[in-house]
Each structure stands twice: as C-alpha cells, then as structure tokens.
Amino acid sequence: MNDELQNELLDELIELQAEKQPYLDEHWVQTSVDRYSSSEYFEKEVRALFLPLPRMALHSSELPEPGSFKRIDHAGRPLLLVRGQDSNVRAFYNVCRHRGAQLVGDESGCSRRFSCPYHAWTWNTQGELVGVPHEKSGFPGLDRSDMGLRAVPCEENAGWIWISHRNEEQLEVACFLGELYADIAGLRAEHLAIYASDSWEFNANWKLIIEGGIEAYHFRVAHRDTIAGLFLDNLSSYRCFDNHIRSVLPRSHLAELADAPRTEWDIRTHSNLVYTLFPTNQLLVQEDHIAWIQLEPLAADRTRLRLSTVVPEAELVEREQHWQKNHDLTVRTLKEDFAIGEGIQKGLKSGANSHLNFGRFEGALDQFSQAIKRELEKNR
Ligand code: FES
Ligand SMILES: [Fe+2]
C-alpha cells in the first residue's frame, strides 16, 4: 500500500478518534435470520459462491517441492493439490478413475506417484495415468490419456494457491481481486511461511465468523479478556472492492501518530488490516505477521475453520516464542467468537428474532450481505 493511501486511511481514523466518533454508514439496517439458518439459502450459496468463486486454498510454502501434495475438502469435494515435477501446482479430484476409491489417504506428503489403495491404478504428479495392473487382459484398448486425474482450475499467484470448481480453465486471480490485487501482492507472501495451523468445526453459520472480523463494536465486550485492550473501542473503517472488503482496525496507540513525522507512519504498526476475500477467506494483517482464516461452510449451521499464523520465512525459527504467543492469542480470541456464534445459531431456531440488526458502525456487514445477494441474483 502506498504512503499516500495509508496516510489517508490513518488520517480518517485519527480524526474520528479525536472527535470521539465511530465510522458511520448513513443508515442502520436489518437482515433476515433465514440467511443464517435456512438450508435452501445455504444450497444457493454453495451454487453461487462456494463452488464457482476462486478460493485461496493453500499458502505456496505448503507445497514446497516437486511431489509435495496436500489433500483438502472444498465445497464438499475431495481434492488433491500437487506440485508437479515441472514445479507447477495442479488440483485434482482425489478420486480414482477406475472405480472411484479415494486415491490419497495421507493428509500431506511428498511422492512421485499416487497409487490407488484398491487395485493400484497409478498416476504421476501431473495427473497422468502411468500404471494399470493386468491392463492388457482386463482393459484391452484402454486409452490412458482419457484416464488422467480429473483436474479443477488452480492458480499459484502472489504466494498463495487458489482453486475453484468453475469450468473455465484459468482462474484469473488478479482479475478476481480487481483493485485489491495490489494490496494482496504487496504482502509479498512468497517470502512468508506457515508457523502453525489449527482447525475446528463449530455449530454456526459461516457468515457469523466473517461478520465478527469486520466490526470492532464487540471487542470491548466479547474480547475483554483477550484483545480488547489492543484496539480502540468501536472504531474501524472499511472500503469495498467489488465484493471484497478492506477494513482498518486502529490499535489503541493510534494517537501516538500525531507526534510522529508522517513519512514514518506505518499502517501495520498502528492498525490491523483485515482483508475479507469474498466469500470465505480473511487475512488479518498485523505488524509482523498475518493470521489467515479460511472457512469451509459445511451446512447452514456448521462450519469448519482453519487458522494459520503466517510469518516471514527468515524469522520463522528465531522468533518462535513470539509467533507461538501470537498464535495462542488468536486461538483464544477465535474461541470467544465461536462461543458467541454458536449461541446466536441456537437462538435463531427459537424464533425470537425474524431479523438481526446492523448498526451504522457495522456497515461492512451490510456490504458483505449485499455482495452475497448480488452473487445469488446473478446465479438465478
Ligand atoms: S478403485 Fe482405484 S484402482 Fe480400483
Ligand atoms: Fe471477534
């Protein structure tokens, strides 16, 4: 992010803090509880969002060398992501082309060949069928080139690996991120590595977690035992980039900037940047590392979340204790959010609310909901 833009974003928040004002939208709005609880609505989201839209699936460092592979689930589909002998990353369905067995059982590893555990049909890292036991007698005339692993679109870009289930071969991540691409590329994630990852499943709609990441209204209350003291009360700003959102959450020492030369201002020292990469990824960009949240919506009321603490590769080992402390704090904070989210989800069933309310300082939540609505309408 260039100095002019970062100073503009900081100026805006410094001014609001001085006036003791939050960052306000024009109106407060209501949203239907069906968006969080209805299975039909969830199925529409699967078709319009989770299947077709590019999704940041792995960090490049998770597939460090030719043959490195990782198994993931995406929108209920089992995938195998592999760095080929040619160094390109590809994504395949983790499904045998003979009779459909799960091809790879290990979560991750490194291999030149993938051999099915049922009858040992075997593929190479580029998805080409290279071995069929008793082929001549059992499958005369088999065209091996027809039996490559089924690929899904995959692109490595700016230090991240992206996938989708839409039909086009190219994902065009830069185009998907639009104006926000410069910010994401500017994180220089190709020089980062994952310090630690954890995942959990919880009984709440996926949007409840995204929403908790784009407002600071709840920090003082819900996070009083963890991060509340690190941030200013109920102050955050946001900008939309098509469906994506960049939020700025100022740290409690924002006012110090008034005494510092503007040329020394650094937005990552005095705030957290939260990039909500539509729909299910959030990057919480902090002073010296990134907390990366990936959501895998499983049902209207169930979500899997993976948290990764992503740090400069060169400092991975020497600052281990520091990264662990940060990772632990993010875990504790997220667990507070899970508890709130599960409570909300349970309450939705009671019928106490037909609608939930987004205040004028929770405007990013409405923007996020409008983005979903636009995508659902496109998909009708
Ligand atoms: S199902 Fe995979 S080799 Fe038979
Ligand atoms: Fe939260």
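Me: Which residue in β17 stands opposite valine 274?
Reply: The model is a predicted one. Strand β16 covers residues 271-277, and five bridges join β16 to β17, residues 281-285, in an antiparallel arrangement. Within this pairing, the residue opposite valine 274 is leucine 284.

Me: How many residues does the hairpin that joins β16 to β17 pass through?
Reply: The strands β16 and β17 run antiparallel. A hairpin links β16 to β17, and the number of residues it passes through is three.

Me: On its other pairing, which residue stands opposite threonine 276 in β16?
Reply: β16 is also joined to strand β15, residues 244-250, by six bridges, and these two strands run antiparallel. Opposite threonine 276 stands isoleucine 245.

Me: How many of the seven residues of strand β4 are buried?
Reply: β4 spans residues 77-83 and is largely enclosed by the rest of the structure.

Me: Which residue in β5 is the bridge partner of leucine 81?
Reply: β4 pairs with strand β3, residues 68-74, in the antiparallel sense over six bridges, and there lysine 70 stands opposite leucine 81. β4 also pairs with β5, residues 89-93, in the antiparallel sense over five bridges. In β5, the bridge partner of leucine 81 is alanine 91.

Me: In the hairpin of β4 and β5, which residue takes a positive phi?
Reply: The hairpin of β3 and β4 has two residues between the strands, and alanine 75 takes a positive phi near 50° there. The hairpin of β4 and β5 has five residues between the strands, and the residue with a positive phi, near 75°, is serine 87.

Me: What is the radius of gyration of the protein, and what would a compact globule have?
Reply: The protein contains 11 helices and 20 strands, and buried residues make up 52% of its 380 residues. A compact globule of 380 residues would have a radius of gyration near 21 Å, which agrees with the value for the protein, 23 Å.

How values were computed
Residues are numbered from 1 along each chain as its sequence is written. Chains are lettered from A and ligands numbered from 1 in the order in which they are written. This is a predicted model: local features need pLDDT of at least 70, side-chain atom pairs count only at pLDDT 80 or more; totals for chains, interfaces and linings use all residues. Side-chain values use heavy atoms; hydrogens and water are left out. Helices (H or I, at least four residues) and strands (E, at least two) are DSSP runs, numbered from the N terminus. The radius of gyration is taken over C-alpha atoms; the globule rule is 2.2 Å times the number of residues to the power 0.38. Buried means under 20% relative accessible area, exposed over 50%, partly exposed in between (1.4 Å probe, protein chains only). Two strands pair if DSSP finds at least two bridges between them.
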